[in-house]
Amino acid sequence: MNDYGIDIWSNDNFVIKNGKVCINYGKKPALIDIVKQLRNDGYKGPLLLRFPHLTAKQIARIYGKFAKAKKEFDYKGSFNAVYPLKVNQYPGFVKNLVELGKDYNYGLEAGSKAELLLAMAYNNEHAPITVNGFKDKELINLGFIAREMGHNITLTIEGLNELESIIDIAKERFKPKPNIGLRVRLHSAGVGIWAKSGGINSKFGLTSTELIEAISLLKKANLLEYFTMIHFHLGSQITEIHPLKKALIEAGNIYTELRKMGAKNLKAINLGGGLAVEYSQFKDEKSRNYTLSEYANDVVFILKNIAEQKSDLEPDIFIESGRFVAANHAVLVAPVLELFSQEYTESKLVLKKKNPKLIDELYDLFKSIKPANALEYMHDSIDHVESILTLFDLGYVDLQDRSNAEILVHLIVKKAISLLGDTQNSADFLALQNEVQERYLVNFSLFQSLPDFWGLEQSFPIMPLTHLDKKPTRSASLWDITCDSDGEISYSKHNPLFLHDIDIEKENYFLGFFLVGAYQEVLGMRHNLFPHPTEAVIKIDDKDFEITKIIEAQSVLDTLEDLDYDIHEIMDSLNERVESSKLVNDKQKKQILGELYLFLNDNGYLKSLDV
Ligand SMILES: *Cc1c(COP(=O)(O)O)cnc(C)c1O
């Protein structure tokens, strides 16, 4: 049996019960039951399910572990966190997050004007706002407005020119001023595929020389009292804790040095984001080498030590982890539409009275395969098929023989896998599976829903929602419905995916893609004009689950309007062309126009295949 590594990546959020994936919370509903209810209400195609209880859990874990670490080390500085909006700005997530974070004073981080305006509208009163990224005068001005509205906001300066803008704007605006943070350029760098934000060559931050200059500029402008925070960010998905420790020591020393230079209100160190998520389904391919407790303890311990050594104040700690907070809240569920080799059943074999010798041999292999010879027969059958394909090219066997060979090799492989039982993890076996993989056509767009798989080869846990009490026997590659050959999650012998041998005509089969709540939605692109999938917020308690806030996938018309098409022009043009068609009569035209209207107002995911 295969549990798809659920103990490794799911953090107890999901469990397998009676062969189904269930949500390990409250009434513990099965994902498939939620999906069925949505589909009964007419929502077909891919579905993005959001679980606010999982967001609540991550927030509580972060504050809880830091509170514990502070207590353990008797740490006097405060702990604060902000959620970086760039990770997921969708209202179905953000509005719940803000509400769930209220009691913790959980704030927001913005990296652009649009995000800052969002934060200014939704942030909990008194909760911190931090602003990072490149800033023009207008963005800085907006930061002043936020402060004037009463927000507790810190503008983090990425370069001296931004500081000069702040000094200019401070002269022009009203009395309240935002707090100022300085992003420091550390010589320690992160590790992992996203580690371009830290380190001496990073895109962001002030060098030591620039820091000294910044202090003197602030002093001269009488703004030093507003300088309250230093900031660094090593990059996303920090896979190892060691570089973070080095960075903290460096930042801790910069903090005490700057305070010595007169920055008396400098009270906080902001460590940015980077807390990693465990995406792996395989024990020996884990994505991180530390736990949240370890992270919290290391941060508090190191900062405490530096303050002690330098006899200085223990700094307030800010973190901006987003992936860790957002990833687990969303699950994408997509229906399998087709197995490409579905038609390879024994009943489709049309053996001749006299077959080519290789076909007879294949048939013998199929009939006499047993556990002891299964691996060997599987090898032999693949060799045979290759020979038959060569013979076909040379004109020695016909299309019927070729079809029989395809069917027989598939039958042999399926039988072999079910016979091999638990011995099926040998490298030999896994490599062989590559040759005989089944292609599953899945009703979703990889570009829209898993863009980091396409762009960065980031893997996400994948598993079927049902059939988990049966052995999955097919090595699987997944094909999305875009017409792009990159829209594929291919079988890999390093992290092999096995799925069930399903007759899609007779039963449904849904795949869950987990941990897709961070970065995927807003990075998703409308390749082939497939829109963001239909989404729903699922609330669960001890009695039941409740589907709330359904937002249906965008219609074709809305998608085209987003691209700045004039949709009236499109409708007029379609109208005119139908009306002027000489191939149909008036009654038929009326019907055609009605059909076009329905297509334009529906989303473009596949429907009739998805029953
Ligand atoms: C992207 C970003 C974050 C969030 O990083 P995660 O890896 O999602 O935790 C935090 N701070 C800054 C400055 C960022 O650019």
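Tutor: Contact here means heavy atoms within 4.5 Å. This is a predicted model, with local features needing pLDDT of at least 70, side-chain atom pairs counting only at pLDDT 80 or more, and totals for chains, interfaces and linings using all residues. Residues are numbered from 1 along each chain as its sequence is written, and side-chain values use heavy atoms, with hydrogens and water left out.

Student: Which residues of α13 and α14 meet, then?

Tutor: From α13 come Ala 374, Leu 375, Tyr 377, Met 378, Ser 381, Ile 382, Val 385, Ile 388, Leu 389 and Phe 392. They touch Leu 399, Arg 402, Ala 405, Val 409, Ile 412, Val 413, Ala 416, Leu 419 and Leu 420 of α14.

Student: How does that contact split by class?

Tutor: There are 17 nonpolar residues, one polar and one charged.

Student: Why is α13 called roughly antiparallel to α14?

Tutor: Helix α13 (residues 374-393) packs on helix α14 (residues 399-420) at about 165 degrees, axes 9 Å apart. The cut-offs are under 35 degrees for roughly parallel, over 145 for roughly antiparallel, 65 to 115 for roughly perpendicular, and oblique for the rest. So α13 counts as roughly antiparallel to α14.

Student: And what makes α6 oblique to α7?

Tutor: Helix α6 (residues 137-148) and helix α7 (residues 160-172) cross at roughly 55 degrees, their axes coming within 10 Å. That angle makes α6 oblique to α7.

Student: Which residues make the contact of α6 and α7?

Tutor: Lys 137, Ile 140, Asn 141 and Phe 144 of α6 meet Glu 162, Ser 165, Ile 166, Asp 168, Ile 169 and Ala 170 of α7. By class, that's five nonpolar, two polar and three charged.

Notes: Axes fitted to C-alpha atoms, helices over the stretch in contact; angles between N-to-C directions. Helix = DSSP H or I, 4+ residues; strand = E, 2+ residues; numbered from the N terminus. Nonpolar A, V, L, I, M, F, W, Y, C, P; charged D, E, K, R; others polar.
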